[in-house]
Amino acid sequence: MVRDELFITVPSLFRCPISLDVMKSPVSLSTGVTYDRSSIQRWLDNGNNTCPATMQVLHSKDFVPNHTLQRLIQIWSNSVRHRSDSLVQLVPSLSPDQARDLIKEIETNPEDCLECMSKMVSFARESEENRKFLARIDGFVLLLVDFLGSSNANFLALEQVVRVLDLIVSEYEDRKQLVNSMLKSDRDCFSSILLVLQRGSTESRIGSARVLESIAIDAESKLLIAEKDGLLSELIRTLSSETDPVMMESTLSCLIAISVPRRIRPKIVRLGIVKQLTKLLSDPNSSVSVTEKVLKLLEMASSCKEGKSEICDNSDCVSAIVRKMLKVSSTATEHAVTILWSVCYFSRDDRAQITVTKNNGLTKILVVMQSNCSPAVRQLAGDLLKIFRVSSKSCLSSYDTKTTHIMPF
């Protein structure tokens, strides 16, 4: 069987404009555009009141089943099923030459490039070799940046552009040139990324967060990202509403990268990040990676006075930090001890000290000191013990513990 026989060409009419997959339950909006029911329902449930393809405001969010199109899709599906016992691949594989031709088509007709962009996404997904190939094509990445900076770009095409950038940006050698292009005053790339974060599918939102993290390479880029109206608040809002673990990790990693400059940290605190991080830290189902990232962000927040105050005001936050001090990972332990040192030792906050004591924090600090931790963490733990003026007798009278053999006094 030749290669071309392994693929089935899907009529574009059968694809959902949002997911680009063959529609299982096509429904039509009042604008006349048809979508797969699950995709458009998710779009509307996210608070959008426009048609994704046309961006027309919807006077009614009702949709009606498109039975005619559903029958046509069923007839087509039945006609091709006998050609293969395996799953139908919806997007034909491209050769490098075909990928170059698609790029030329995008250059000449950027207003109608949705299908071309979706094919580029599929091509980039196929292999690392394809991603390197696209990243090295002269001018292609900058073409994507131009599209992001366009004020009249089609939203669905914007999603595909973000996905392509996410896939190939790590292979792009001149990262500084990419950052400079995106930061140019005559482009508004951040507005497009923010739009995708607000309205896009989970995959494209993940791509947006990763692209932001990729371009946050120096203080200037981090500050410009943080200054973009609504961007930080949308990332923090995502922490409260998102359930997808990949989206959660991507958002946390992005916030960590952006918040490296100290002047940004008071801003994320004012936007309510401590409250959202506390909820994540209190979730027993959070993964080790998410817990480490949450503690890292709390550590960054605790380095400014606004962050220290918010953490000390929130006894649930301090309690959650104490609970995660042990039995997660050495990285989590380091972050937790550093936060407690900041609020209990450096700030001498009575409320934080009381909460640590109530949550058996002293015993855990002693365990940390006797563990195989780094010298820096051991020093911080020692400073904490001095503040609490712990003694073997007081510990034993306050807690039911079997760790008396590690008491240093």
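The protein has 23 helices and three strands; helices (H or I, at least four residues) and strands (E, at least two) are DSSP runs, numbered from the N terminus. This is a predicted model, in which local features need pLDDT of at least 70 and side-chain atom pairs count only at pLDDT 80 or more, while totals for chains, interfaces and linings use all residues. Residues are numbered from 1 along each chain as its sequence is written, and side-chain values use heavy atoms, with hydrogens and water left out.

**Overall picture**

- Of the 409 residues, 51% count as buried (buried means under 20% relative accessible area, exposed over 50%, partly exposed in between, with a 1.4 Å probe and protein chains only).
- The accessible surface comes to about 20100 Å², and carbon and sulfur atoms hold 48% of that (areas come from the Shrake-Rupley method with a 1.4 Å probe; for residues, only the protein chains shown count as cover).
- Take the contacts between residues at least 6 apart in sequence: 66% of them join residues at least 24 apart. Contact here means heavy atoms within 4.5 Å.

**H16 against H19**

- Helix H16 (residues 288-301) and helix H19 (residues 330-346) have axes that come within 9 Å and cross at roughly 25°. Axes are lines fitted to C-alpha atoms, for helices over the stretch in contact, and angles run from 0 to 180 degrees between N-to-C directions.
- That angle makes H16 roughly parallel to H19 (under 35 degrees counts as roughly parallel, over 145 as roughly antiparallel, 65 to 115 as roughly perpendicular and the rest as oblique).
- The crossing of H16 and H19 is left-handed, a label for cases where the near helix is turned anticlockwise from the far one by less than a right angle, with right-handed used if clockwise.
- On the H16 side, the contact uses Glu-292, Leu-295, Lys-296, Leu-298 and Glu-299; H19 brings in Thr-331, Ala-332, His-335, Thr-338 and Ile-339.
- Sorted by type, the residues of this H16 and H19 contact are four nonpolar, three polar and three charged (Ala, Val, Leu, Ile, Met, Phe, Trp, Tyr, Cys and Pro count as nonpolar, Asp, Glu, Lys and Arg as charged, and the others, Gly among them, as polar).
- Thr-291 also sits in H16, and Thr-291 is buried at 4% relative accessible area. Setting aside neighbours within four places in sequence, Thr-291 is in contact with Leu-281, Ser-286, Lys-324 and Val-328.

**H15 against H18**

- The axes of helix H15 (residues 273-282) and H18 come within 9 Å and cross at roughly 40°, so H15 and H18 are oblique to each other.
- H15 and H18 make a left-handed crossing.
- Val-274, Thr-278, Leu-281 and Ser-282 of H15 meet Asp-316, Cys-317, Ala-320, Ile-321 and Arg-323 of H18.
- That H15 and H18 set splits into five nonpolar, two polar and two charged.

**Loop residues to look up**

- Lys-327 lies in the loop between helix H18 (315-323) and H19. Lys-327 has a positive phi of about 65° although it is not a glycine, and counts as exposed at 87% relative accessibility.
- Arg-348 is in the loop between H19 and helix H20 (350-358). Arg-348, not a glycine either, has a positive phi of about 55° and is partly exposed at 45%.
- Asn-66 is in the loop between strand E3 (64-65) and helix H2 (67-81).
- Not counting residues up to four places away in sequence, Asn-66 touches Pro-26, Val-27, Ser-28 and Thr-34.
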